[in-house]
Amino acid sequence: EIMRSTGGNPPPVLDPFCGGGSIPLEAQRLGLEAHGSDLNPVAVLITKALIEIPPKFAGKPPVNPEARGKIGNEGNWFGAKGLAEDVRYYGKWMRDEAEKRIGHLYPKGPNGETVIAWLWARTVRCPNPACGATMPLVSSFWLSKKQGKKAWIEPVVDREKKEVRFTVRKGDGVPQAGTVNRRGATCVVCGTAARLDYVRNEGRTGHMGQQLMAVVAESHRGRAYLSPIQEHVVLAKKANPEWRPEAQLAYNPRDIKAPTYGLTTHGDLFTPRQLVALTTISDLVGEARERVHKDAVTAGLPDGVSLDGSGKDAQAYADAVTTYLGMAVSRLSDICNSLCMWESTKTQVRHLFTRQAIPMLWDFAEPNVFAGSAGDFKVSLSSMLKTLERVPARDSGEVKQVDATTSANGAVDPVIST
């Protein structure tokens, strides 16, 4: 209908505020020449990954040695399926290599179970001078609300030692209310109330800690909820990241609340073990690029120039594959940080950016990045590959990081849609 209505000469479509690229992607799906621009470099990268990179390598077979060794697959890689297959292959290599390097930081359960997540509570010192106990800050003690599989955490108080430990309970009972809300916190040892201002000050002065409440593992019967394991605490403390992002978080107390509690830099949003995992996997993106480039040359592609230089050969292909691998690390950071909650109705870790904000979270879930569930690099990558395998990968697409008043460059007499 578009071709009939335009005499076989449809105009290009331009979205000068393209954001995540929905309009250029839909234009390309309809067979139109697609153009987009944005000032936000992240938005530009996402849109390039949707409409600009896939057409460059459409219909090309993967270059990884596993795919090359299969007979009869030369003509089955329509669209961006070949590219997606290589992203999957080298992403799996990254994940497996990371496990070799840091897998010792992610222990099994007492009976060899695969741990899904560790649930931690932030802590502050009780303001009552006669108590001084380490106060766990917990919004909810629920582990699972599923019918017939209910489980929760119960704090066990030793008032003589002024200590709190946790144990897991199961059955038809109901856990006690959380110890913190929007007004403040309550000490489970002595009952003293602590105003939210006091909790904020404890965080800003570096006195906020964390305590393991429970371990969630995968058993042959489904989720297994375990009381804290001291050896797991010791291993978590052994994680020593060689680098941490020191960029300051923006001051926006309405939507970015973490800095008011002392989490002022990007690095503060992650546990040491999470920083070790993310930096290890980030470093492997560069190593994966070298592998892709070498395999592409072996597969017969000329060396060529980079993707940034409009190349379509080995150098550009290595750039393309590692662009998606880098984006998968970015996705991983959304669910591998200390502001991810445990979803007791779905019994899984919930990612941070459910909305455009960084709220404060008291009790958080730290996923196992090698567990094969939410929080595993392979899972983050697989979610993204579902899109890459289905993008149109047809005709030409162009995205620029420019001001909207200059973004028509390259699109001749375009239809503006935004």
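Let me start with Glu-366, which forms a salt bridge with Arg-273, the closest N and O atoms being 2.9 Å apart; by salt bridge I mean a side-chain nitrogen of Lys or Arg within 4 Å of a carboxyl oxygen of Asp or Glu. Glu-366 sits in strand S14, residues 363-367, and Arg-273 in helix H8, so this pair ties together parts that are 93 residues apart in sequence. Helices (H or I, at least four residues) and strands (E, at least two) are DSSP runs, numbered from the N terminus. Both Glu-366 and Arg-273 are buried, where buried means under 20% relative accessible area, exposed over 50%, and partly exposed in between, with a 1.4 Å probe and protein chains only.

Before going on, please keep in mind that this is a predicted model, in which local features need pLDDT of at least 70 and side-chain atom pairs count only at pLDDT 80 or more, while totals for chains, interfaces and linings use all residues. Residues are numbered from 1 along each chain as its sequence is written, and side-chain values use heavy atoms, with hydrogens and water left out.

A search of the whole structure finds 24 salt bridges. One of them joins the side chains of Lys-48 and Glu-52, at 2.8 Å from N to O, and because these two residues are four apart in helix H3, about one helical turn separates them. Lys-48 is partly exposed, with a relative accessible area of 24%, whereas Glu-52 is buried, at 16%.

Arg-244 and Asp-268 also form a salt bridge, with their closest N and O atoms 3.0 Å apart. Both residues lie in the loop between H7 and H8, 24 residues apart. Arg-244 is partly exposed at a relative accessible area of 30%, and Asp-268 is partly exposed at 22%.

Let me turn to helix H10. What length should we expect for the 12 residues of H10, residues 377-388? At 1.5 Å a residue (the expected span being 1.5 Å times one less than the number of residues), H10 should span 16 Å, and its end C-alpha atoms are 17 Å apart, which agrees.

Within H10, the buried residues are Phe-377, Ser-380, Leu-381, Met-384, Leu-385 and Leu-388. Seen down the axis, they fall within an arc of 135°, so they line one face of the helix; the arc is that of the directions from the helix axis to the C-beta atoms. An α-helix has 3.6 residues a turn, so residues three or four places apart point the same way.
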